[in-house]
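The following exercises are to be worked through with the sequence and the three-dimensional structure at hand. Each task is followed by a solution in steps.

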Amino acid sequence: MYAVASDVESKLSPDILIRLTDDEGTGEINWEIVTKMIQEASAEVDAFLAMRYTLPLSPTPPILSKLTLDITLYNLFSRRGIDESSADSVIVTRYNNAIRMLEKIAAGTMEITPPTGDAGGGIPSPSQSSMSYQTSPRIFSREQMKGY
């Protein structure tokens, strides 16, 4: 799986999670339903990835966690119905964007890369950050163009 229940918990308030998962009316989050929705979303992601990659991917690229989470949230909201004229439309938009990105990955027009272990705060090496260019000699100068 590319996401875990705590990822879902970090995106939705407990009240919303209860509303989306409490089928028995206990007033509590049903974590089994959350886990099932994550599994379904992970399977959907794998269906796209299997076109180009040997699964399972290890380590998991962070983008897959995000895409899986977006699909999981959509799956959770779909259980109760999505009102696209409300704030729920963000969930639909994120789901559609995730599917489009997965389609690009499957088609080979977008690549996923494994995590590098770099926290992002490091300074790039010279081979990663340097650039060189060469120009032709200057043809006109300010002095030559004076009066024009």
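**Exercise 1. Determine which residues of helix α2 are buried and how they are arranged about its axis.**

Solution. The model is a predicted one.
Step 1: helix α2 spans residues 14-21, and its buried residues are Leu17, Leu20 and Thr21.
Step 2: viewed down the axis of α2, these buried residues fall within an arc of 80°, so they line one face of the helix.
Step 3: the cover over the buried residues of α2 includes α1 (5-11), α3 (31-49) and α4 (62-78).

**Exercise 2. Classify Ile16 by its relative accessible area, and state how far its C-alpha atom lies from that of Phe77.**

Solution. Step 1: Ile16 belongs to helix α2.
Step 1: Ile16 and Phe77 are 61 residues apart along the chain, while 9.4 Å separates their C-alpha atoms.

**Exercise 3. Decide whether Ser42 is buried or exposed, and list the residues it touches beyond four places away in sequence.**

Solution. Step 1: Ser42 is located in helix α3.
Step 1: a residue is buried when its relative accessible area is under 20%. Ser42 has a relative accessibility of 4%, so it counts as buried.
Step 2: with residues up to four places away in sequence left out, Ser42 touches Met1, Tyr2 and Thr68.

**Exercise 4. Identify the residues that form a nonpolar surface patch with Tyr148, and classify the exposure of Tyr148.**

Solution. Step 1: the nonpolar patch on the surface consists of Ile139, Phe140, Met145 and Tyr148. Together these residues have about 550 Å² of accessible area.
Step 1: Tyr148 sits in the segment after α7 (142-145).
Step 2: the threshold for an exposed residue is over 50% relative accessible area. Tyr148 counts as exposed because its relative accessibility is 81%.

Terms used. Residues numbered from 1 in each chain as written. Predicted model: local features only at pLDDT ≥ 70, side-chain atom pairs only at ≥ 80, totals over all residues. Heavy atoms only, no water. Patch = residues over 30% accessible without salt bridge, like charges linked within 9 Å, V, L, I, M, F, W, Y side chains within 5 Å. Areas by Shrake-Rupley, 256 points an atom, 1.4 Å probe, with all protein chains shown as cover. Salt bridge = Lys/Arg side-chain N within 4 Å of Asp/Glu carboxyl O. Helix = DSSP H or I, 4+ residues; strand = E, 2+ residues; numbered from the N terminus. Buried < 20%, exposed > 50% of the residue type's maximum accessible area, 1.4 Å probe, protein only. Arc of directions from axis to C-beta. Contact = heavy atoms within 4.5 Å.
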